[in-house]
Amino acid sequence: MMKGYEQLNFPKGSVFLVTGGAGFIGSNLCEALLHMGQTVRVLDDLSTGFLQNLNAFKDDINFSFIEGDIKDYEVCLGATERVDYVLHQAAWGSVPRSIEMPRFYEQNNVMGTLNMLEAARQNGVKKFVYASSSSVYGDDATLPKVEGREGNILSPYALTKRTIEEYGKLYYKLYGLDTYGLRYFNVFGRRQPPEGAYAAVIPKWIKQLLKDESPTIHGDGKQSRDFTYVENVIEANLKACLAPSSAAGQAYNIASGGREYLIDIYWTLAKALKKEIQPTFGPARAGDIKHSNADISKAKQYLGYEGAWSFEEGIREAIAWYIANHTEKHA
Ligand code: NAD
């Protein structure tokens with residue numbers, strides 16, 4: 001825990017607002033900040049997040065929770081009052097779901113973010129750090145992915161992330177709000193939900209293997225991704241809060257900088273869980289790209305990001321967490 005950000009110091013009395021704090025990444029951010037003795041406020045409408053994600057720290061004296069929707073500007077204004085740092089994670093994820101409901105994605109992810117940016121500006125927030133996504137690279141096949149070389153967008157979800165990056169830049173240029181976009185690449189770790197049609201592969205496969213079911217791999221399994229342990233994402237968010245204004249108005253790749261093939265991940269999980277189950281292969285999914293891995297040198301240079309956790313270290317911790325937290329329930 002805390003490798004890569006244990007030395008960071010924030011001014012005494014700082015207040016952090018984590019939007020989407022009841023979700024996977026947001027709840028991990030809250031936990032880390034509270035562990036460091038910081039004051040944390042969460043704004044979440046519980047649309048895809050869960051109150052139980054807050055259980056570990058909900059009684060902490062430095063923690064407060066606002067149940068509310070970022071589509072409501074008044075809610076955003078209230079939530080950003082006396083806040084120093086906004087870590088804006090609230091959004092709906094999932095490429096396939098966005099293809100089914102593009103209008104909702106625009107309203108929730110784009111309008112919601114614009115509300116948060118404007119509220120942060122009105123309330124004099126110091127730093128506005130927000131979650132973007134590797135999906136902004138679209139169909140550009142060049143590897144590794146480098147900021148500035150983006151292809152055609154392949155889904156409404158990706159378009160929402162590219163649009164909020166443009167708003168992020170504008171708010172820096174027009175209003176001097178220090179914004180930092182973090183393009184996360186396939187994050188995994190504790191509390192990532194294994195359930196539902198749009199679950200991410202690592203928790204979903206772990207859960208299915210624990211239940212002795214055969215997980216489905218979409219396509220041939222030879223797709224590769226830069227799977228990133230959630231601890232690296234925490235490090236990036238906290239370092240962005242302390243980055244100079246000269247690094248604002250930009251988006252940064254946040255990843256491990258490696259490349260894992262889905263089929264290899266499958267067998268890593270099966271071996272770790274001692275299951276000899278063959279996967280089932282299904283059709284490839286629309287909007288999916290074949291390979292993705294990140295050049296992380298920009299974040300290293302301008303944010304001091306290290307990406308201190310390797311994929312192997314992260315997956316070991318994640319598997320242990322899922323075994324400890326899911327075994328009895330699914331036995
Ligand atoms: P998540 O679904 O677990 O968390 C998102 C949280 O935002 C949920 O708690 C949800 O209830 C909340 N939320 C959604 N719409 C809201 C609204 N209108 N008002 C208030 N709260 C709202 O997802 P996550 O995986 O933790 O993702 C967090 C952020 O990171 C998202 O912006 C996502 O697009 C981005 N991201 C995630 C990944 C990944 O691999 N998990 C990769 C790239 C980018």
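I began with ligand oxygens and found one 2.8 Å from a polar backbone atom of Gln89; I count N or O pairs within 3.5 Å as polar contacts. An oxygen atom of the ligand also lies 2.8 Å from a polar backbone atom of Ile25. For Ile70, a backbone N or O atom is 3.0 Å from a nitrogen atom of the ligand. The protein covers 91% of the 820 Å² of accessible area that the ligand has on its own (Shrake-Rupley, 1.4 Å probe).

A note on sources: this is a predicted model, where local features need pLDDT of at least 70, side-chain atom pairs need 80 or more, and totals for chains, interfaces and linings use all residues. Residues are numbered from 1 along each chain as its sequence is written, and side-chain values use heavy atoms, without hydrogens and water.

Next I listed the shell, taking residues with a heavy atom within 4 Å. Of its 28 residues, Asp44, Thr48, Asp69, Asn108 and Tyr157 come nearest. Which element gives the largest share of the shell? S5 does, with three residues (strands are DSSP E runs of at least two residues, helices H or I runs of at least four, numbered from the N terminus).

Then I followed S5 to its neighbour. S5 and S6 pair in the parallel sense over seven bridges (pairing needs at least two DSSP bridges). Phe128 stands opposite Thr179 in S6. I checked S6 (residues 178-184) for cover, and seven of its seven residues are buried, meaning under 20% relative accessible area with a 1.4 Å probe, protein chains only.

Conventions: Polar contact = N/O pair within 3.5 Å; in protein donor to acceptor, adjacent residues only side chain to side chain. Buried < 20%, exposed > 50% of the residue type's maximum accessible area, 1.4 Å probe, protein only.
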